[in-house]
Amino acid sequence: MHKRIAILPGDGIGKEIINGAIRVLNAVGEKFDHQFDYDRALIGGDAVDQEGTPLPEETVTICKNSDAVLLGAVGGPKWDQNPSHLRPEKGLLGLRKELGVFSNLRPVTCFPDLADASTLKTEVIEQVDLMIVRELTGGLYFGEPSGRQMEGGQETAVDTLYYTRAEMERIIRKAFELAEVRKKKVTSVDKANVLETSKLWREVADEVAEEFQDVKLEHMLVDNAAMQLIRNPSQFDVIVTENMFGDILSDEASMLTGSLGMLASASLSADGPGLYEPVHGSAPDIAGENKANPLAMILSSAMMLKYSFSMINEANAVEKAVQEVLKAGYRTGDIAQDHTTVLSTDEMTQKVLEYL
Ligand code: NAD
C-alpha cells in the first residue's frame, strides 16, 4: 500500500518523539512492503513564531490531503501569555474541528513489565485492556447559550448540554464497531437518572445495540463508572460516553497504568483522515534533552496503522516490539525502575527498531 501521512511535530518534545515514529513507520514499510510518504507542517507555538498563527492554512490543506495525521504535542511557557487566538492549543482545537474528528479513542492497556508503576495494586490492573471512546465535538463544551450575565443584580453563568440523536448514534456505533473486534462488550456511561440528554443517549444506545447482536451492552451511571474504574478496571472492554464525562473518565483511566509517556490516542472522523497523537503534552521541562519517552508516539502510529490503514499485523508487530523492549528491561527516565537500563529518546527508538 501507498499512504501519505501529514507530520505535525508541534512544540517541545513533539519534535523529538515524532522522528522516532517516522523511523518505526519506515521500518514497517520495509518489512511489510508499504510505502509511506510524509508531508511536514507547522502547528502550535512553532507556527505562531513562523507564520503568526497556530494553525496555518497550508497545514490544514496538507492534513486534509493526507491519509492520516501524526501530531507530536503543542504548547509551552513561551506562548502562555499570548492572547487566546495566538495560543498553541487553539491550533489543535482548530485542526480537530477542520478534520471533523468526533470520536476520541484512548486505549488503556497494562504492560505487565510496568505494572508496578501504577498506584493501584498489581492484581487490580494486570488484566486491564480497555478503550475509552469519547464524543469530541458536542455536549457542554460547544453548546449554546454559554456565557455570563447579570440577572436581577446577580452575576450568573450558563453552559448548555446539547446533543442531536445523529451525534449520539454515530459515536455509539463507532464503539460497537470497535467492541466487535475486541472483547465484544460496550459500557455506555451516562447520568440517565438526572439528565435528559442521558435519557436519549440510553435509548439510542439500546437501538444501536440491536444492530450488533454479538456485542453485549451495559449501561452505567457516570459516578459508578468513576468508582468501577478504580475498583475493578478489568471488567471493561469499550466504554462510550459524551464529551465531558469522557474527558474526565479518560484522564482517570489513563492513570491506571501510571505512565503518561506510554499513552496513545486516536481521533476519528466519518470518512476523512484520522488524527493520532500521544496523550501527554510538550513536556517543556525536558524538551531538547533527548530524554523523552517516544513510546506513546510510536504506539499512536501503531493506532494509525490499525484504524486508518487497516494494517492489523503491522500494528500488532509495533505493539509487540514495544512490549519486548520493556520486557528486556529498557526504559526511558520517566518509567525507570530498579535494575532497568535507562535510554535516551533515540536509543529507545533504536531498541524498538531492533525488536521489530
Ligand atoms: P506534559 O504532559 O507536557 O508534562 C507533564 C509531566 O510529564 C512533565 O514532567 C513531563 O516531563 C512528563 N512527560 C510528559 N510526556 C513525557 C514523555 N513522553 N516522556 C517523558 N516524560 C514526559 O503536561 P504539562 O507540563 O501540563 O504541559 C506542558 C505543555 O503541554 C503545556 O503548554 C500544555 O498546554 C501542553 N499540553 C499539550 C497537549 C497536547 O498537545 N495534546 C496535551 C497536554 C498538555
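Predicted model: local features only at pLDDT ≥ 70, side-chain atom pairs only at ≥ 80, totals over all residues.

Now find helix 10, residues 295-307, and helix 11, residues 312-327. Their axes come within 7 Å and cross at roughly 160 degrees. Angles over 145 degrees count as roughly antiparallel, and that is why helix 10 is described as roughly antiparallel to helix 11. On the helix 10 side, the contact is made by Leu295, Ile298, Leu299, Ala302, Leu305 and Lys306. Helix 11 contributes Ile312, Glu314, Ala315, Asn316, Val318, Glu319, Val322 and Leu326. Sorted by class, the contact between helix 10 and helix 11 has 10 nonpolar residues, three charged ones and one polar one.

Next, look at what helix 10 lies across. Its list of strands is strand 1, strand 2, strand 3, strand 4 (103-109), strand 5 (129-135), strand 11 (264-268) and strand 12, and helix 10 runs at about 160 degrees to strand 12. Helix 4, residues 88-99, lies across strand 1 (2-10), strand 3 (68-73) and strand 12 (274-278), at about 150 degrees to strand 12.

These strands bring us to the sheet. Strands of a sheet pair through backbone hydrogen bonds, either parallel or antiparallel. Here, 10 strands form an open sheet with mixed pairing, in the order 2-1-3-12-11-4-5-10-8-9. Strand 2 (35-40) and strand 9 (216-221) are at the edges; each has a single partner strand, so one side of each is left without a neighbour in the sheet. From one strand to the next, the twist averages 25 degrees. One example to find on screen is lysine 185, whose bridge partner in strand 9 is lysine 216.

Finally, step back to the whole protein chain, which has 12 helices and 14 strands. Its radius of gyration is 20 Å, close to the 21 Å that the globule rule gives for 356 residues, so the chain is as compact as a globular protein of that length. The C-alpha trace spans about 60 × 50 × 40 Å along its principal axes.

Note on methods: Residues numbered from 1 in each chain as written. Heavy atoms only, no water. Axes fitted to C-alpha atoms, helices over the stretch in contact; angles between N-to-C directions. Helix = DSSP H or I, 4+ residues; strand = E, 2+ residues; numbered from the N terminus. Parallel < 35°, antiparallel > 145°, perpendicular 65-115°, else oblique. Contact = heavy atoms within 4.5 Å. Nonpolar A, V, L, I, M, F, W, Y, C, P; charged D, E, K, R; others polar. Pairing = 2+ DSSP bridges. Rg over C-alpha atoms; globule rule 2.2 N^0.38 Å.
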